[in-house]
Amino acid sequence: ICHWDTTGTPPVCTQTPCGGYPTQLACEKDDKCMWQTKANPAYCAVKTCEKYNNPKDECKCNKDPDCTWVSDATNPHCAIPSMAQCPDLDVAFVIDGSGSMWRSFGRHAHGFTALLEMLRDWVKTLPLTG
């Protein structure tokens with residue numbers, strides 16, 4: 001698993017901190033990593049509080065200094081403390097479809113690629129639940 005690094009020219013794919021673990025067993029030996037099963041095939045990813053979203057993991061969630069358990073009646077889950085009490089929120093993006101988006105955009109061939117790449121990187125850092 002790699003991360004698309006656009007800080008240089010040409011952009012390159014660099015290995016993520018947990019991307020070198022090919023198996024679940026190897027991945028889970030590293031406290032900073034978690035086995036991500038939402039993708040097919042599953043892969044090793046940097047640990048998020050989502051690792052503890054099963055109600056039986058409430059204690060593990062609270063033991064992690066970067067996480068806290070949210071006892072929501074409809075959706076109990078583990079979250080980062082700064083986002084724990086935030087309500088669910090729908091987010092919509094409006095993307096410019098004008099001709100300027102087809103022009104060169106920094107290191108990208110056109111604006112659509114640049115914008116979607118930036119959105120993708122931003123979304124990866126959000127504590128999304130749905």
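What is the torsion about the S-S bond of Cys18 and Cys33, and is the disulfide left-handed or right-handed?

A: The torsion about the S-S bond of Cys18 and Cys33 is about -85°, so the disulfide is left-handed. Before going on, a word on the ground rules: this is a predicted model, in which local features need pLDDT of at least 70, side-chain atom pairs count only at pLDDT 80 or more, and totals for chains, interfaces and linings use all residues. Residues are numbered from 1 along each chain as its sequence is written, and side-chain values use heavy atoms, with hydrogens and water left out.

A disulfide here is a pair of cysteine sulfur atoms within 2.5 Å, and by that rule the count is four. In the pair you asked about, Cys18 and Cys33 have an S to S distance of 1.9 Å. Cys18 sits in the loop between β2 (12–15) and α1 (24–28), while Cys33 belongs to strand β3 (residues 33–36), 15 residues apart. Those elements are DSSP runs numbered from the N terminus: helices are H or I with at least four residues, strands are E with at least two. Cys18 is buried at a relative accessible area of 2%, and Cys33 is buried at 0%. The scale is under 20% relative accessible area for buried, over 50% for exposed and partly exposed in between, with a 1.4 Å probe and protein chains only.

Next come Cys49 and Cys67, whose sulfur atoms are 2.2 Å apart in a disulfide. Their S-S torsion is about -95°, so this link is left-handed. Cys49 lies in the loop between β4 (43–46) and α2 (58–63) and Cys67 in the loop between α2 and β5 (68–70), so the pair ties together parts 18 residues apart in sequence. Cys49 is buried at 7% relative accessibility, and Cys67 is buried at 6%.

The link of Cys61 and Cys78 has an S to S distance of 2.1 Å. With 90° about the S-S bond, it is right-handed. Here helix α2 holds Cys61 and strand β6 (residues 77–79) holds Cys78, 17 residues apart. Cys61 is buried at 0%, as is Cys78 at 5%. Cys59, by contrast, is in no disulfide, and the nearest cysteine sulfur, that of Cys61, is 9.6 Å away. At 56% relative accessibility, Cys59 counts as exposed.

Now for the surroundings. Cys49, Cys61, Cys67 and Cys78 are among the six residues of the largest nonpolar core, which also includes Tyr52 and Trp69. Such a core is a set of buried Ala, Val, Leu, Ile, Met, Phe, Trp, Tyr and Cys residues joined through side-chain atoms within 4.5 Å. Cys18 and Cys33 are included, with Cys27 and Trp35, in a second, separate core of five residues. In soluble globular proteins, nonpolar side chains tend to be buried together.
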